[in-house]
Amino acid sequence: MGLGLNQNGQLGDGTKINRATPVRIGTATDWTYVAAGQAHTLAIGGKTGLLWAWGRNADGQLGDNTTVDRLVPTKIILPAPAAGGTAISAGWTTVAAGANHSLGLLSGSLYTWGNNLRGQLGNASTVGSPTPIPIGTSNWVAVTGGALHSAGIRSDGALFTWGDNSNGQIGNSGAQPVLAPFQASITLNWLGVAAGANHMLALRADGTLWAWGANGDGQLGDGLGQDLGAPTQIGLSTNWVGIAAGLNHSFGRQTDNSLWGWGRNAEGQQGNGNTTYVAQPTQMP
C-alpha cells in the first residue's frame, strides 16, 4: 500500500497523483521487504527474492541503469558478472534507501547504487552508479542509509560506516567524508543499526542503546544537544530490542514492547500531543 507525496511516482501506482489514503500497488501478495528514500522506493518480493524499485531516479537510485523515473515497480537485474555469465535477478534479502542512494544485501553480499556525492556508496570514490555494485567482502547481515551516509553490520557483529561525516555520523571522531566502509567500533556485538538524516542509532547484543552524529534536535537522546563524533551509550538501560531513525528524530522499543521516542517534534512526530522536542528517550503514550 502507498500514500502521501507522489510527484516522482514513488507510490508506484502508475501516476504522479498524491494520495491521502492508502492505495494498493499491483496485485502481488508476496512482498517481504520495503524501504522508502526521499522520493524513491525499494521492495523485495517473490519466493526467490526479486528486487523492485520505483519513483525518482535522477541519480540512478533505482538501479535499472537509467536515470528515468519509474511510476510502477520495476524489476532490477544485475548484469552478468563475466562473459558467458548469467544476469542476476533473485536472492535479495534486505534493502535500504538513503535520500538518493540505495543499498541491498544479495546472498550476504553488499551492493550499493545511486548518488555518491559524499562517498555513501562505499566504493572508495565519489562516482555514482545507476546499477548495483558490490562493496567489500560478503557476510553482511544488516544495512541502512542516511541522507548522505550509510552503515552496515557483518555476520561477525562488526559495525561499519561510510559517507558524509559533517556531523560525526561516521563515528571516527573526524569530520571528513569516508569513502569506503570504516569499522566504527572494535566491539563485535552489534545487532542493529539505523541511520537518520545525519545521525546514527545502534544496538548491541547486551541490550544497550548507542548513538552518534547530529544532535541539534536531541535525536541522539543524551539530553545534551551536542553532536557526538563517536558511538556513545545512551542511558543505562539494557533492554532495548528495536530502533528506528527518522529525519531528525528517533524511536526505540524495549523488551516489554514499550515504545520510546526522542528528538525533533516540531511537526508532532513524537505523538505526545505537543510540538516540543524531546531530549531523552521518553515512553510514548
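Residues are numbered from 1 along each chain as its sequence is written. Because the model is predicted, local features need pLDDT of at least 70, side-chain atom pairs count only at pLDDT 80 or more, and totals for chains, interfaces and linings use all residues.

**View 1. Ser-107 in its loop.** Look for Ser-107 between strand S8 (101–106) and strand S9 (109–114); strands here are DSSP runs (E, at least two residues), numbered from the N terminus. Ser-107 is not a glycine, yet its phi is positive, about 50°. Most residues other than glycine have a negative phi. Ser-107 counts as exposed because its relative accessibility is 62% (exposed means over 50% relative accessible area, with a 1.4 Å probe and protein chains only).

**View 2. Asn-257 in its loop.** Asn-257 sits between strand S20 (249–254) and strand S21 (259–263). Its phi is also positive, about 70°, although Asn-257 is not a glycine. With 56% relative accessibility, Asn-257 counts as exposed.

**View 3. The largest pocket.** This pocket (on a 1 Å grid over the protein atoms alone, an open set of points where a 1.4 Å probe fits, with protein on both sides within 12 Å along at least five of seven lines) holds about 700 Å³ of space. Its lining has 30 residues, and Ala-36, Ala-97, Gly-145, Ala-195 and Ala-245 lie nearest its centre; lining residues have an atom within 4 Å of a point. Strands S3, S7, S11, S15 and S19 each give two or more residues to this lining, and S11 gives the most, with 5 residues.

Notes:
Side-chain values use heavy atoms; hydrogens and water are left out. Helices (H or I, at least four residues) and strands (E, at least two) are DSSP runs, numbered from the N terminus. Buried means under 20% relative accessible area, exposed over 50%, partly exposed in between (1.4 Å probe, protein chains only). Grid points are joined across faces, edges and corners, and a volume is the space filled by probe spheres set on the points.
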